[in-house]
Amino acid sequence: MAFQFLTGEANLGTVNLPSGSNSRIPMKFSMDTDGRWIYCNYPERITSDSMFGDSDKGNVWLNQKTVSAGEAQIFYSHYNQYKSNIHYGIQIFNPNKTSVTITPLNCGHGQGNGSDSGRINVNAASWTRFFNGASDCGTTTAKTVASNGSFWILDKVIPQGYGFSGNLRFRTSGTVIVTVYAFLDRYKISGAGSQYQYDEASVQYSGYGAGYFLTAAEITIKASDVLNNGGKFFQTCYSEYPKPVKGEENPMEVNGKAQSDMVPIHIAGTSEIAGPDEPRPRHNVGNWCVQYYIPVRFENDTNRDVVFKGYIQPGEDNKNENFYILSSGSNNTVYQRISSINEEKYKDKRTWHWTNHTVPAHTTSAVQICQFILGTNSSKNVNHIWKVENK
């Protein structure tokens with residue numbers, strides 16, 4: 001069963017993080033670390049010919065990864081600050097002696113200028129298209145690729161001055177090489193280029209992560225527990241392992257290990273890793289566009305009908321414009337822009353009240369399911385808060 005989402009500016013406000021000694025919900029995530037996540041965010045700003053794949057230009061790729069049979073997902077986020085429009089494309093090459101089949105599963109692309117609608121399209125609206133299928137890909141049907149053949153699963157024209165981002169999931173029947181390019185003319189891409197080298201100083205990266213989909217163990221939230229503690233909360237996108245409180249469970253586990261939920265990025269063309277435990281500048285990861293699958297069950301152990309109210313807000317030291325996406329499948333994806341900027345005009349835009357779920361007295365609800373995603377260009381550390389009111 002899926003949550004019923006609330007949307008709109010009227011649902012924004014300020015909610016304090018619960019401070020009771022038992023108010024934090026421990027999160028236990030599992031993740032398939034064989035699911036390759038091709039991560040493309042460096043160079044974040046595409047500015048010159050030296051970043052292009054055309055053989056008469058830079059003759060470089062922005063990212064390249066060999067993936068084995070199964071599913072893989074690609075995330076990309078950049079700005080076109082070149083002097084003209086450019087192309088951004090993803091090529092899949094078959095290095096095998098026999099043909100392979102490539103099946104696009106989901107694809108959502110967004111681009112826009114610095115306007116409100118442009119930023120929303122880049123950061124969030126692309127996920128609506130992703131959950132509706134593969135229509136943003138170059139093809140929506142399975143493609144047979146011959147030995148030593150290739151095809152472009154994505155090729156987008158990016159206007160000058162636009163930001164753009166997207167997510168693409170596909171299935172391959174055999175090992176393939178995925179290469180990501182910026183270019184002007186793809187027919188001048190020879191395939192004999194090299195990796196555009198990381199500068200060792202940036203806090204943006206291209207490379208890959210071992211997994212992109214975090215599944216939470218089922219959470220049960222009791223009405224009496226919420227009322228006694230002034231609310232309950234859990235956290236995601238936490239840049240450091242949350243400090244445990246004496247007498248409580250570990251606040252966060254991934255695959256049975258107490259650790260941050262951040263997915264480390266193996267930086268393309270290097271032996272280095274970007275992750276929460278790495279030295280500066282490689283400490284900066286935010287789990288942009290990692291998918292969180294969170295099942296929640298509500299137990300009303302009181303004598304009155306109650307409403308469980310769900311809120312999402314930026315965590316501490318989070319001073320940015322943030323985009324949060326929630327989805328329970330095709331045709332049911334919502335998003336909201338939240339600001340924690342300490343200015344008067346943002347005072348009512350710091351928390352998203354995203355759901356109300358009514359449960360009768362002495363009743364336990366069916367499991368409610370949703371996916372949570374932190375949009376690109378947002379700030380890490382996210383609080384998920386639950387309150388209870390009598391019906």
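Trainee: What should I know before we start?

Mentor: This is a predicted model, where local features need pLDDT of at least 70, side-chain atom pairs count only at pLDDT 80 or more, and totals for chains, interfaces and linings use all residues. Residues are numbered from 1 along each chain as its sequence is written, and side-chain values use heavy atoms, with hydrogens and water left out.

Trainee: How many cavities of 30 Å³ or more are there?

Mentor: Two. A cavity is a set of points on a 1 Å grid over the protein atoms alone, where a 1.4 Å probe fits but cannot get out. Grid points are joined across faces, edges and corners, and the volume is the space filled by probe spheres set on the points.

Trainee: How much space is in the largest cavity?

Mentor: About 70 Å³. Its lining residues, those with an atom within 4 Å of a point, include Phe3, Phe234, Trp354, Phe372 and His384.

Trainee: Which strands supply at least two residues of that lining?

Mentor: Strand 23 (291–300), strand 29 (368–374) and strand 30 (382–390). Strands here are DSSP runs (E, at least two residues), numbered from the N terminus.

Trainee: How does the lining divide by class?

Mentor: The largest cavity has 10 nonpolar residues, one polar and no charged. Ala, Val, Leu, Ile, Met, Phe, Trp, Tyr, Cys and Pro count as nonpolar, Asp, Glu, Lys and Arg as charged, and the others, Gly among them, as polar.

Trainee: And the second largest cavity, what lines that one?

Mentor: Tyr42, Pro43, Leu62 and Gln195 are among its lining residues. The space is about 40 Å³. Its lining has seven nonpolar, two polar and no charged residues.

Trainee: Pro43 again, then. Where is it found?

Mentor: In the loop between strand 3 (36–40) and strand 4 (45–46). The peptide bond from Tyr42 to Pro43 is cis, with omega near -5°. A cis bond also joins Arg280 and Pro281, with omega about 5°. Pro281 lies in the loop between strand 22 (273–274) and strand 23.

Trainee: New topic. How many residues are in the largest nonpolar core?

Mentor: 95. Ile153, Phe170 and Phe372 have the most contacts inside it. Another core, of five residues, lies apart from it, with Trp61 and Trp152 among its members. A nonpolar core is a set of buried Ala, Val, Leu, Ile, Met, Phe, Trp, Tyr and Cys residues joined through side-chain atoms within 4.5 Å. Buried means under 20% relative accessible area, exposed over 50%, partly exposed in between (1.4 Å probe, protein chains only).

Trainee: How many bridges join strand 18 to strand 30?

Mentor: Five. One partner pair there is Phe233 and Ile385.

Trainee: Why is strand 26 called largely enclosed?

Mentor: Five of the seven residues of strand 26 (residues 333–339) are buried, so the rest of the structure largely encloses this strand. Strand 26 pairs with strand 25 (residues 321–327) in the antiparallel sense, over seven bridges. Their hairpin has five residues between the strands, and Gly329 there takes a positive phi near 120°.

Trainee: Which other residues have a positive phi?

Mentor: Asn255 is one, with phi near 50°. Asn381 is another non-glycine case, at about 75°.

Trainee: Is Asn381 buried or exposed?

Mentor: Asn381 is buried, with a relative accessible area of 9%. Asn255 counts as partly exposed, at 43%.

Trainee: Last one: how many aromatic pairs?

Mentor: 26. Rings of Phe, Tyr and Trp (its six-membered ring) pair if their centres lie within 6.5 Å; planes under 30 degrees apart count as stacked, over 60 as edge-to-face and the rest as tilted. Tyr76 and Tyr88 have ring centres 5.1 Å apart and planes at 40°, so this pair is tilted. Both are buried.

Methods
On a 1 Å grid over the protein atoms alone, a cavity is a set of points where a 1.4 Å probe fits but cannot get out, and a pocket is an open set with protein on both sides within 12 Å along at least five of seven lines; lining residues have an atom within 4 Å of a point. Helices (H or I, at least four residues) and strands (E, at least two) are DSSP runs, numbered from the N terminus. Two strands pair if DSSP finds at least two bridges between them.
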